[in-house]
Amino acid sequence: MASFENKSIVSIRDMTRAALEKVVSTTAMVKKDGPKGFMEGKTVAVLFFEPSTRTRLSFESAVLKSGGTVFGIADPAASSQSKGESFADSIRTIAGYCDVIVIRHPVEGAARMASELCDIPVINAGDGPNQHPTQTLLDLFTIEEQIGKLEGIKVGMVGDLKYGRTVHSLTHALAMFGNELSFISPPSLKMPRHILEELEKLKIPYHEFVSLEETADLDLDVLYVTRIQKERFGDPQEYEKVAGTYRITLDTIEMLGGEVKIMHPLPRVDEIDVEVDDTPNAVYFLQAHNGIPTRQALLGLVTGGLK
Amino acid sequence: MTGRTYKVYSIENGTVIDHIPTPLALKVIRILGLENEGIMTIGIGFRSSMLPKGKDIVKVENRELSRAETDMIALIAPDATINIIKNGMVAEKRKIKLPEEINGVMTCPNPNCATNVLGANTSFHLEDREKVTYRCRYCERVTPIHPDLLTTG
């Protein structure tokens with residue numbers, strides 16, 4: 001990806017390491033009181049065919065802060081698709097009303113399909129359990145911001161590693177930088193085999209653990225926490241038992257050496273104790289806020305407003 | 001009679017696809033979209049030292065299949081052999097290999113994929129040549145090739 005201009009952001013799989021670095025450095029520039037108004041005169045359609053208030057507001061805020069205008073669908077029931085219009089027709093029509101489409105859709109591959117149906121850039125804001133590239137990009141930016149580099153770091157991921165789209169994409173991205181990865185999960189929610197095979201192909205060192213205690217001596221730079229969903233377990237008692245063992249407390253941080261940065265894609269339920277919130281280790285709210293400059297950077301890059 | 005009696009007569013010009021495992025000959029024809037492409041001879045269930053269940057042969061007259069076309073055969077019959085015949089002679093013996101991309105001939109097994117729900121045209125990229133797996137362009141899931149997924153079958 002030499003230039004981002006007029007390109008769609010559909011999947012982390014389409015991006016090279018250089019492209020990821022470009023987004024991260026542009027995000028840093030935007031966040032550090034960088035250029036404003038680079039979306040002036042540009043209109044962005046934010047189409048959410050599946051509700052996700054947080055991500056939608058974050059995109060809308062990013063457009064407005066960059067000087068652009070925004071319209072969209074927040075509720076799929078209000079769209080003409082509910083009247084039976086085909087997805088392809090909706091996208092082709094709306095593409096004529098705007099300069100960029102941001103799309104969230106429950107169907108896997110919907111964003112890719114949309115990007116092929118029109119000549120304007122499409123940004124994937126989540127396509128079912130498949131990809132959510134802007135989440136991965138804001139995660140990378142947060143790691144860079146907190147640790148000072150994206151290479152040669154030790155990252156642990158804990159929780160539901162089997163179904164968690166966020167950790168799959170982040171693993172893929174971190175592997176491009178040759179980082180050492182640790183996966184901590186109950187045996188039933190382990191990182192899928194095909195992802196581990198990819199790491200093996202790339203000769204990326206990784207470890208698998210069942211308990212957080214086993215990572216005590218690893219000197220992790222980042223611990224990325226994800227929620228374990230109750231519905232993944234048939235037996236509610238089994239869920240309580242498992243979820244409890246991965247709860248991050250002040251003791252966990254101390255056990256991990258005291259320096260580890262705790263990240264989480266949010267929303268959190270109880271997998272991180274609120275007592276952690278006020279420590280310098282907690283970066284999850286900052287991480288969520290970094291969604292704004294990251295999305296601003298992407299909007300600027302694909303419209304050519306940022307180079 | 002001293003000469004060998006051919007069960008499938010030889011062709012003057014065209015393409016011979018041999019060593020197709022029985023009974024995949026018709027599937028090979030469908031995957032190549034050759035149903036309405038002129039004269040073809042199909043032999044099914046010949047004895048073969050390499051294929052215990054027997055082999056099928058397809059002879060396509062007056063049509064030299066391109067490499068892109070013959071590579072599609074590798075999806076269901078990776079050990080098939082291709083001979084291009086010109087003026088009654090074998091002009092080229094061709095090995096086939098799995099195509100890098102396959103478009104429009106395989107269904108994605110993921111029911112939530114845009115190809116199954118929103119009407120996107122199917123497209124896969126070769127993921128692992130040894131394991132014979134392909135990655136869906138849309139849902140990005142990796143799937144092993146299975147004859148049942150081939151829409152032409």
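**Entry 1: chain A, around β6**

I started with a crossover: β6(A), helix α7 (residues 193-201) and β7(A) of chain A form a β-α-β unit that is right-handed. Right-handed here means that, with the strands pointing away from the viewer, the path from the first strand over the helix to the second runs clockwise. Helices (H or I, at least four residues) and strands (E, at least two) are DSSP runs, numbered from the N terminus.

Before going on, I noted that this is a predicted model, where local features need pLDDT of at least 70 and side-chain atom pairs count only at pLDDT 80 or more, while totals for chains, interfaces and linings use all residues. Residues are numbered from 1 along each chain as its sequence is written, and chains are lettered from A and ligands numbered from 1 in the order in which they are written.

Back to the strands: β6(A) pairs with β7 (residues 206-209) of chain A in the parallel sense, over 4 bridges. Pairing requires that DSSP finds at least two bridges between two strands. I found A:Phe209 of β7(A) opposite A:Ile184.

I then looked at β5 (residues 154-158) of chain A, which is joined to β6(A) by 5 bridges, again in the parallel sense. A:Lys154 has A:Glu180 in β6(A) as its bridge partner. β5(A), helix α6 (residues 165-175) of chain A and β6(A) give a right-handed β-α-β unit too.

Buried takes 20 or more other C-beta atoms within 10 Å of the residue's own, exposed 12 or fewer, and partly exposed is in between, with C-beta atoms placed from the backbone.

**Entry 2: chain B overall**

I counted 3 helices and 9 strands in chain B, in the sequence pattern β-α-β-β-α-β-β-β-α-β-β-β. Its C-alpha atoms fill a box of roughly 60 × 30 × 25 Å along the principal axes. Of the 153 residues in chain B, 32% are buried. Among contacts in chain B with a separation of 6 or more, 60% link residues 24 or more positions apart; contact means C-beta atoms, placed from the backbone, within 7 Å.

**Entry 3: the β6-β9 sheet of chain B**

I traced an open sheet of 4 strands in chain B, ordered β6-β7-β8-β9 with antiparallel pairing. β6 (101-103) and β9 (142-144) of chain B are at the edges with a single partner strand each, so one side of each has no neighbour in the sheet. On average, neighbouring strands of this sheet are turned by 35° against each other, direction ignored. β8 (residues 133-136) of chain B runs antiparallel to β9(B) and is joined to it by 3 bridges. Opposite B:Tyr134 I found B:Thr143 in β9(B).

**Entry 4: B:Asn83**

Next I picked B:Asn83, in strand β4 (residues 81-86) of chain B. Leaving out residues up to four places away in sequence, B:Asn83 touches B:Val16, B:Asp18, B:Val90 and B:Lys93. B:Glu64 is 19 residues from B:Asn83 in sequence and 9.4 Å away in space, C-alpha to C-alpha.

Notes
Axes are lines fitted to C-alpha atoms, for helices over the stretch in contact, and angles run from 0 to 180 degrees between N-to-C directions. Two residues are in contact if their C-beta atoms, placed from the backbone, lie within 7 Å.
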